[in-house]
2 protein chains.
Amino acid sequence: MNGADCLMRALADAGVTLCFTNPGTTEIHLVAALEQERRIRTVLGLFEGVCSGAADGFARMTGRPAVNLLHLGPGLANAMANLHNARRARSPVVNLVGDHPVIHRRNDPPLASDIATMAAPVSGWVRESADALALPEDGVAAVRAALGLPGQVATLVIPADCAWGTSQHLQSGIPQPEASPLSESAIAKAVGMLRSGAPTALVLGGKTLLEPGLRAAARIAQRSGAAVLSQTFDARFARGAGLPLVQRLPYFPERARKRLAACSQFILVGTHTPISFFAYPNGELDLLPKGSRVEILADEKQDAARALETLAEALGAGQDMTPPPMLKRPERPTGALTAESAGAAIGALLPEGAVVSDESGTSGEFAYRHTVGAPPHDWLCLTGGSIGQGVPVGTGAALACPQRPVICLQGDGGAMYTLQALWTQAREALNVTTVIFSNRKYQILQVELQRLGFTTPSAALLSTMELSRPDLDWVKLAQGMGVPAARADSAEVFTSELERALAEPGPHLIEALL
Amino acid sequence: MNGADCLMRALADAGVTLCFTNPGTTEIHLVAALEQERRIRTVLGLFEGVCSGAADGFARMTGRPAVNLLHLGPGLANAMANLHNARRARSPVVNLVGDHPVIHRRNDPPLASDIATMAAPVSGWVRESADALALPEDGVAAVRAALGLPGQVATLVIPADCAWGTSQHLQSGIPQPEASPLSESAIAKAVGMLRSGAPTALVLGGKTLLEPGLRAAARIAQRSGAAVLSQTFDARFARGAGLPLVQRLPYFPERARKRLAACSQFILVGTHTPISFFAYPNGELDLLPKGSRVEILADEKQDAARALETLAEALGAGQDMTPPPMLKRPERPTGALTAESAGAAIGALLPEGAVVSDESGTSGEFAYRHTVGAPPHDWLCLTGGSIGQGVPVGTGAALACPQRPVICLQGDGGAMYTLQALWTQAREALNVTTVIFSNRKYQILQVELQRLGFTTPSAALLSTMELSRPDLDWVKLAQGMGVPAARADSAEVFTSELERALAEPGPHLIEALL
């Protein structure tokens with residue numbers, strides 16, 4: 001067997017089931033090996049940013065890495081923006097980057113570049129295979145590295161001669177993430193803070209935002225009166241009817257600061273200190289009240305959800321959680337289509353078990369608010385601020401969870417970055433409904449412009465933040481890639497189109513004209 | 001004035017006239033400053049790969065750098081694949097990358113990453129501004145670095161506080177590229193080789209492929225009997241009726257080796273030794289016959305076209321060049337639409353002064369051959385092998401040369417990478433005709449698959465190299481971005497649609513169904 005065959009067999013043995021790719025000549029032996037290894041499904045993306053975003057979505061829903069098979073430096077470069085988001089999501093992702101044989105690099109052929117350097121800013125682990133014999137072990141090492149808590153991007157550079165050279169089968173099992181032990185003193189400190197009487201917040205992040213962590217945090221809150229907060233953007237929020245509520249911090253720093261002002265003690269659980277997304281001239285950078293006490297209950301390398309359970313027990317919080325109040329779902333909206341009425345329609349119709357991939361920018365706040373009483377679902381955020389994540393992440397989530405409906409809430413600006421993801425949805429017949437909030441501008445920038453003091457911007461300045469002249473026609477763009485699509489210009493049409501899209505299998509797109 | 005205002009003024013003083021951007025919050029002061037500086041035109045791209053490819057096209061046609069204004073690491077990442085191509089084209093390009101203020105980086109906010117490291121593999125020059133006072137000088141230094149022969153990508157990282165902080169006006173002129181002196185001994189050596197009687201080839205590259213270099217090389221060839229060759233892919237070829245012919249080396253190494261076998265001496269002029277694009281198992285890497293003599297007449301830092309003129313004079317080649325034979329243009333084709341008949345239509349209709357941006361992969365060879373007798377035009381190649389260059393480069397060329405018709409010959413696979421460029425063409429009303437060679441596959445990969453010994457590939461393996469199921473509808477995709485479009489399924493329809501597109505102003509797209 002050649003290196004490529006042995007690598008793919010080892011990856012399958014290590015639990016890899018999915019490979020996203022847009023291969024080239026240097027990857028042909030790897031693609032051929034993938035087709036021999038029936039345990040790994042190969043999914044083609046027409047742009048590598050689709051692959052890397054989808055691998056992120058798959059990881060968020062399964063906790064396991066998918067593989068991106070990429071074509072030298074340029075293939076990696078195209079994947080990088082969504083790898084940046086995956087890095088911020090702490091998603092386990094494995095990149096296999098094909099390269100020229102080392103001996104050909106001295107010729108500096110057109111496609112050559114310094115791949116390892118390029119990979120470093122988005123990867124927690126980078127290695128280059130030395131030969132075909134080492135390749136299977138390198139692949140398993142990449143899987144293991146990706147799974148290292150809290151999850152990271154691992155990049156393996158594969159010179160083509162490692163793929164086509166002779167290798168041998170590697171015995172390997174399925175690597176599991178290993179957590180650092182919990183800290184008894186951290187738990188004792190947290191108990192002390194929660195019993196001190198000072199107003200205290202738990203700040204949750206990562207896996208604590210799934211059901212077990214949320215329930216433990218709710219029991220702690222019930223016992224101690226603590227607030228339960230989260231960062232604005234995290235990889236995955238479990239939420240909906242019956243699940244305890246978490247207060248997500250507002251995006252703008254002045255609003256976040258206001259929310260945080262009520263507390264003087266903060267216990268971090270699987271996340272970092274709340275910070276501002278951007279810095280502003282003459283603006284404060286810190287969000288927490290001056291003199292706050294901040295302690296870490298569990299960091300990202302520990303099992304933070306178990307830390308919450310241990311803390312609940314130490315507080316004598318009891319096993320039972322008072323069920324959270326049942327919140328009403330909105331009625332089907334009527335009248336003008338706005339971000340608010342679109343959000344109400346989503347709240348009225350969101351099916352149980354839905355996965356929402358949210359890159360809706362300024363338009364999505366209403367959908368988030370209106371779905372708080374919807375049946376239980378998962379909410380995936382734009383983690384690294386690099387737009388063009390939402391539709392690829394939804395695509396990967398749909399591959400991870402074929403039984404669950406996926407809804408992408410997507411601003412038009414970000415949607416244009418990786419619109420090729422729609423084609424992959426069509427090819428794989430994925431059950432994804434993409435809502436394009438079509439306001440024909442980068443609205444967040446026009447808001448930030450005001451906040452930065454440009455209160456009477458010229459038309460020319462505004463036009464650099466507008467997707468108009470010409471308007472994009474999302475119905476045609478979707479149909480051009482084989483995805484059925486409709487346009488909605490009233491709340492009624494939007495609601496009925498959403499209902500239809502959710503009822504029919506396969507991908508759909510709705511352009512919500514705001 | 002703040003740093004941003006002083007920077008843009010200094011850049012305009014340094015000859016910058018065009019900025020491509022997709023800005024974000026960290027770039028708002030820079031965008032506002034651009035709108036104040038009327039000498040710099042700002043063009044919005046809906047994806048940064050459009051911006052960087054367009055900047056490359058602009059540089060190839062003008063010899064001057066355009067600026068890409070990019071949003072932190074992710075904006076740079078999205079631009080990188082076409083920056084890789086620009087690096088290989090030796091195009092002067094300046095990237096301005098907005099970043100968080102240094103003080104905010106310690107918070108590791110979501111959009112933070114190591115931008116300078118990310119930039120290094122695609123940049124010949126990287127700097128980060130230290131403060132607002134340094135920013136204008138840093139900008140001019142970036143322009144100067146970009147123009148350093150043979151031309152390179154220069155990346156300046158701009159922490160936001162450098163843009164909004166107080167600065168002052170910088171007096172500066174327009175930097176000019178400065179060539180290293182020619183080598184008299186290199187010229188003498190070349191004279192000796194050409195007089196030796198051994199079969200000798202001039203291998204041209206870079207600026208020598210424009211008219212003055214071609215004419216000098218033709219005079220040398222006329223006098224000495226030397227062959228005149230070029231690499232397969234170079235940034236810009238001047239060609240067409242009345243211009244001396246250059247033999248472009250074939251893409252596949254065995255064919256290139258055959259072509260090169262006729263010579264035993266090679267004189268490199270502004271380029272490197274011919275090399276294979278890819279390496280193959282058990283394949284030879286070298287293209288030149290064993291024992292060949294290779295000498296450099298002028299390297300990329302010298303004025304290689306002037307070296308040819310000096311050499312012609314030293315040989316006593318005389319000032320007159322025998323006019324090259326007038327080659328016939330093809331008739332308007334009829335019958336089935338194939339890569340060959342499409343190429344004939346392009347050959348029959350190509351207007352004088354056209355700029356052809358060629359990323360047509362396997363389909364474009366015929367167009368190249370059929371345009372050899374067309375009126376004089378420029379031919380721009382995919383220089384770095386990173387697909388998704390063609391339509392952006394054509395977009396930038398159209399901005400550089402508003403009086404010249406631009407034709408993008410584009411494979412469907414590569415077109416999907418940066419299809420957002422069509423929207424910029426529509427917004428700026430650019431006179432670009434994009435021909436999509438729609439064979440619904442990455443055909444070059446299916447060819448390479450055979451060459452690598454996978455002679456009976458499975459349907460599953462082939463499907464990872466196919467853009468079908470569903471087919472892309474390029475008419476809808478173009479119309480979705482405001483570009484008029486038509487589909488052609490016969491040579492007659494293709495020819496008449498091409499004729500119409502060339503006659504009408506503004507952008508057009510033709511999907512050539514092969």
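## A loop residue of chain A

E331(A) lies in the loop between α12 (304–314) and α13 (339–349) of chain A. Helices (H or I, at least four residues) and strands (E, at least two) are DSSP runs, numbered from the N terminus. The model is predicted: local features need pLDDT of at least 70, side-chain atom pairs count only at pLDDT 80 or more, and totals for chains, interfaces and linings use all residues. Residues are numbered from 1 along each chain as its sequence is written, while chains are lettered from A and ligands numbered from 1 in the order in which they are written.

E331(A) has 11 C-beta neighbours inside 10 Å and therefore counts as exposed. A residue is called buried if 20 or more other C-beta atoms lie within 10 Å of its own, exposed if 12 or fewer, and partly exposed in between, with C-beta atoms placed from the backbone. From E331(A) to G361(A) there are 30 residues in sequence and 24 Å in space, C-alpha to C-alpha.

## Chain A as a whole

Chain A contains 21 helices and 18 strands. Its radius of gyration is 24 Å, close to the 24 Å that the globule rule gives for 514 residues, so chain A is as compact as a globular protein of that length. This radius is taken over C-alpha atoms, and the globule rule is 2.2 Å times the number of residues to the power 0.38. The C-alpha trace spans about 65 × 60 × 45 Å along its principal axes.

Of the 514 residues in chain A, 63% are buried. Two residues are in contact if their C-beta atoms, placed from the backbone, lie within 7 Å. Among contacts in chain A between residues at least 6 apart in sequence, 81% join residues at least 24 apart.

## Domains

Chain A is divided into domain 1 (3–164), domain 2 (184–314) and domain 3 (339–513), with bounds from an automatic or database domain assignment. The centres of domains 2 and 3 of chain A, taken over C-alpha atoms, are 29 Å apart. In chain A, 13 residues of domain 2 are in contact with 15 residues of domain 3. On the domain 2 side, these residues comprise eight nonpolar, two polar and three charged. Ala, Val, Leu, Ile, Met, Phe, Trp, Tyr, Cys and Pro count as nonpolar, Asp, Glu, Lys and Arg as charged, and the others, Gly among them, as polar.

## The loop around G165(A)

G165(A) is found in the loop between α8 (160–164) and α9 (184–195) of chain A. With 19 C-beta neighbours inside 10 Å, G165(A) counts as partly exposed. Leaving aside neighbours within four places in sequence, G165(A) is in contact with N2(A), G3(A), D131(A) and A132(A). M1(A) is 164 residues away along the chain, yet its C-alpha atom is 8.6 Å from that of G165(A).

## The two chains together

The contact between the chains takes 74 residues from chain A and 74 residues from chain B. Helix α4 (residues 72–89) of chain A gives the most to the chain A side, with eight residues. By class, that side has 42 nonpolar, 24 polar and eight charged residues.
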